[in-house]
Amino acid sequence: MAEESLLESNQVPGTVNESAPEYALYGVLKDLCMNNAQYFESHDNETGVRLHGAFLALIDHIKTVKPAVDYIRKASSSYDFDENTPGNGYASFVSVVDACIRHGVKLCKQVCINRESFFFRASYYMREVEACSHLLASLVTCLTHLRQLMEWSEPGELFPSGDHSPQDLLAKAESINQYCFYGRCLGFQFCESVQTVLKAISIAMASYSDVYYGEGGFVTKATNTVWNGGKYFMDPELRARRIVNISQYADVHFCKSFWFLAESEVMQRLPMIVCPALIVNKVISIPPEPLQHTRSDGSVIQIPVPTVHIGPQPLLVRLMSAVWREGMVGEAGGKADIRPPSPALIFHCHGGGFVAQSSSSHEPYLRDWARRLGVPIFSIDYSLAPEAPFPRALDELVYAYCWALNNCHLLGSTAQRVVLVGDSAGANLNMGLALKCIELGLQPPVGLFMAYAPVLVSFVPSPSRLLCLMDPLLPFGFMMRCLKAYASPKETKETLSKSGATSVDESADLAEMGLAATNENDTVEAETALEAVEASFGMQSSGVPTAGSDTESFEEVSESDLAALAALSVGGMNARQLLQPEADQISPMRYVLDMDTDSEGHQIPVLRACPGEVAEENVIFQVGQRVDGYGIQERVTQMADSLASTVSSSFSSLLASKASSPTNSNECDMPRSTWSQLDALMQRSPTEEFKFSVPRDPYLSPYWASDDVLKQLPPVSVLSAQFDPCLDDCVMLAKKLRGLGNNVTLDVLEGLPHGFLNFSLLSKEAHEGSKLCVKRIMNLLKLESPPDCSPNKSPS
């Protein structure tokens, strides 16, 4: 299949043009290796002998990799979206090999320059050259598997055409040496500004696993963390061994716990210090009450409360805006600069593998977007797997979308132009929401922006998905467990068969439309042990706060204020608030939804403050207000004062979470013990763990939606990264939509990883990528330039 396209373009497979410019560095590396090999040939000590052997091995690998990468290079362009948008999994692996060659050239030059020096660190360079040799050998194996994938696929298709199970991908993963990707060469393929960040995250992951799986008390864990963190920094081989071990055998609760470190007190305060200030940054709790939504044809549809898996829960959402707008929640008369409602609204859904993170952890770039776009951002904190798997999050998005349309005046918008914006798992959910709007006849969004989106939530092998074998942020095991937790949770079929709950699919209005329900939903009662955990920590197993009242909301003056108010008014703290110290001096103000009459005599809903006593059922929002205003200096001082208590509470939470975290018999049976015992489990194969099926549901995998439905989607802007494991998903979706005549654009950013938006404050390239996202969202909103959103005063 792929060979025919090569022959048609007069490119003969296996015939390498040695004079091609892309292979000039290959020749340079070979010459440098030969020069160094000759120099160390006369050295009879162990280090010299190993250096000589490593350079000879590099030469052999260069000879082997050149025809293999040339074959993939010649075929890769036929899988691109178009000639102006190069990028696909095959091309990414070619870039990885080229990056390895550049890394080898740089290393060999250093050896040539320094080998005569008295201070030449022979043992250090010996390990570096050996690591580079192992890296190139592993890439040769990867290229062999890529050629097999080409044979499985039709021309131009990145997904295999036959029936290939997850075991096909697992078998390939087990035959590749992953240690070389997480040791001395970690992050070599990414842009330089990201490499440092990824190495720090990898060291943190390895050190955190010692805390999570280790034994002992607070002092022991704190000491081991500091000590082992230093070891993982000084010993890349130990770090690689640990990370590969974790990625293969750590359960989904470890992934969830590690990613939730972004929700810690220090990380939550960081955006308030280094990010643009916002006038409005509120967390609102939407009570679980049935909604009615009026379609464009005047008919009314009932939107049921999401109840599947964990029962009815208040839904937390975040409202962000750079300016005050008329009618906005918390806006009061007398403010000097109140703008009219915006005609546009950004409906945002965060990423996190369906199992972790929240709008808070995505604040660094959302704050910047709010200032650049000048449009209110409405971000949803949906329930997370494995406690709340599919379709809970999607049901919540439908509910929140209809609530936003019904109450857009409270968000400072008329919602005439709503754009769905999401990254990673959030992009998948937002596309499912767009499909729901089509099926249910809801007001459609005017655009859909998707960043590095997994649109095929199944284990179909593709070239870019093999990139997770070397991805520090999304290792292979992490990706598999997150998808399994969301799409195929333990005993899903058995619990759904006992369902008595309703989802949006099963509403009476949908039945009238003749649409079959795709899922049977259930309400799962909490087990006794889990109830004890909730009583101890004041939270549901899903991380959603237990509701003392269905009608509460919080104004986020600071994250510690939100934590304290949540503890007082909701009755507990969620997973991202466990690490926060208590804050005081919060004065709650209640708001009720009342009716008023406009100039034309029509009744309209308005939000009124109620300083006196009000019946609980009439309260729709309860907003915490900071009594003592303070500025940036006081915030920095308060953060420094709370650092010690934050560290202490962090370790205390870890000790408690180990004892209380729910278990899953389908997950690998991990002993919570020392790292050496965990490392011993490497002798076991994880293949059995991933023998499960994923339903072919278009709301789970939007790529499978019918052509008739996909044709009705609004303009779609897709953005991915060169080394993103979801790159092929994005390319194939864009090609499919273009083939159906949809308005679709695709951007592939070079040198960046999956989740780069979270690094926009740390990497110049990631920041430029974030600015491109703003440009694409502006195009969907049809804004030629963002409105003036410079506030006249700092936020209160």
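1. Cysteine 112 is partly exposed, at a relative accessible area of 22% (buried is under 20%, exposed over 50%, partly exposed in between, with a 1.4 Å probe and protein chains only).

2. This is a predicted model, in which local features need pLDDT of at least 70 and side-chain atom pairs count only at pLDDT 80 or more, while totals for chains, interfaces and linings use all residues. Residues are numbered from 1 along each chain as its sequence is written, and side-chain values use heavy atoms, without hydrogens and water.

3. Across the whole structure the search finds zero disulfides. Cysteine 726 is likewise in no disulfide, the nearest cysteine sulfur, in cysteine 730, being 6.6 Å away. Cysteine 726 counts as buried, at 9% relative accessibility.

4. Helices α13 (residues 363-373) and α25 (residues 764-781) pack at about 45°, with axes 10 Å apart. Helices are DSSP runs of H or I, at least four residues, numbered from the N terminus; axes are lines fitted to C-alpha atoms over the stretch in contact, and angles run from 0 to 180 degrees between N-to-C directions. The angle makes α13 oblique to α25 (under 35 degrees is roughly parallel, over 145 roughly antiparallel, 65 to 115 roughly perpendicular, the rest oblique).

5. Contact (heavy atoms within 4.5 Å) involves Tyr365, Asp368, Trp369, Arg372 and Leu373 of α13, and, on α25, His767, Ser770, Lys771, Cys773, Val774, Ile777 and Met778.

Methods: Helices (H or I, at least four residues) and strands (E, at least two) are DSSP runs, numbered from the N terminus. A disulfide is a pair of cysteine sulfur atoms within 2.5 Å.
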